[in-house]
Amino acid sequence: MAASPTPPSSWYLRPDILQREKESVLLRSWQPVCRVEQLAEQGAFVSGSFLDQPWVVTRDGSLRAFYNVCRHHAALVAQGEGCAAKLTCPYHGWTYDLDGRLRSAPRLGAVKEFQRELYGLRPIALEVWGPWVWLNFGPEPAPLLTQLEPLAGRVSLDGLRYVCTRSYDIECNWKVYVDNYLDGGYHVEVAHQALAAQLDLDAYKTSLEGSLVLQECGAASERLGDRAVYAWLYPNWMFNRYGPILDINWVIPLGPERCQTVFEYFFDSSCSQEFIETSLAASHQVQLEDVEICESVQKGLRSQGYDVGRYAPSLEIGEYSFHHWLARDLAQGPQT
Ligand SMILES: [Fe+2]
């Protein structure tokens, strides 16, 4: 690491690299697409899309996930979220049970060798950890739970309640945002002065556990409590636990030079509305500072005046690990 350059600018610019990242990494890793509480009732469903893969999660006794694509002519079957006894495609009325089976294909007539049982919605791997429903769009994924175990041992999720979701569209490659998160607090003192005043940055500690990078730091404020844990699950999920707060950043590429970060906020149920609003405003401020930095980096990456940089070895171990894991997976390609 002390001798290594950082990845070349082309990593953060080229559409073909993003395509490889999608196929080899992002669609083969666990993604927290919605919350379990959205699917509490029998018949509940939630739909969405991740990297052009429309999904729907249903509650049919247990939770199930499917590609939200009609097996007839590919229209999206479910819209938004709600509660239903069955899912009916709005195009030609093909109807699916909540367990994905094709129940009826109206007026199909004398189509040859049609076996209805072969035309159910295609399933997607699903797991539950914490308050989230996680999907993995790859074949035979490794269990999520084992990946997150080291985190579960360090933090408590007891007493937290979901408050809100905020999204930010950022003009930068998704990895620029992840790099910024994984710099071991290097940028905090310079770019987040109000936040830095509440953290003990000298005691910032980074450790690696499997697919997790854990960054921990002492803190001293009402909002941050006495300790902050910033955990990142390879490749694109961040979990920030401090004081009575949990916030999540889910980073989603929108293009080679655009991404979205989806923030979900959870607060201890004892928190007052005033505290929640003050905390959300402080978090928004930190986010605006990060957006400005990330967009600045993206502009610099396009410049002829930059190709590769250097790591700060005592700080940027998380970032270095991210780049190594990603390079390894891109070299292997999408194994089936
Ligand atoms: Fe930051």
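Analyst: Two strands pair if DSSP finds at least two bridges between them, and a strand is a DSSP run of E with at least two residues, just as a helix is a run of H or I with at least four, each numbered from the N terminus. This is a predicted model, in which local features need pLDDT of at least 70 and side-chain atom pairs pLDDT 80 or more, while totals for chains, interfaces and linings use all residues. Residues are numbered from 1 along each chain, and side-chain values use heavy atoms, without hydrogens and water.

User: How do you know that strand S2 and S5 are paired?

Analyst: Strand S2 (residues 44-50) is joined to S5 by 3 bridges, which meets the requirement of at least two, and the two strands run antiparallel. Phe-45, for example, has Gly-82 in S5 as its bridge partner.

User: What makes S4 and S5 edge strands?

Analyst: The open sheet has the order S4-S3-S2-S5, and strand S4 (62-67) and strand S5 (81-83) each pair on one side only.

User: Why is Asp-290 called buried?

Analyst: Asp-290 has a relative accessible area of 9%, and buried means under 20% (exposed is over 50%, partly exposed in between, with a 1.4 Å probe and protein chains only), so Asp-290 counts as buried; His-187, at 15%, is buried as well.
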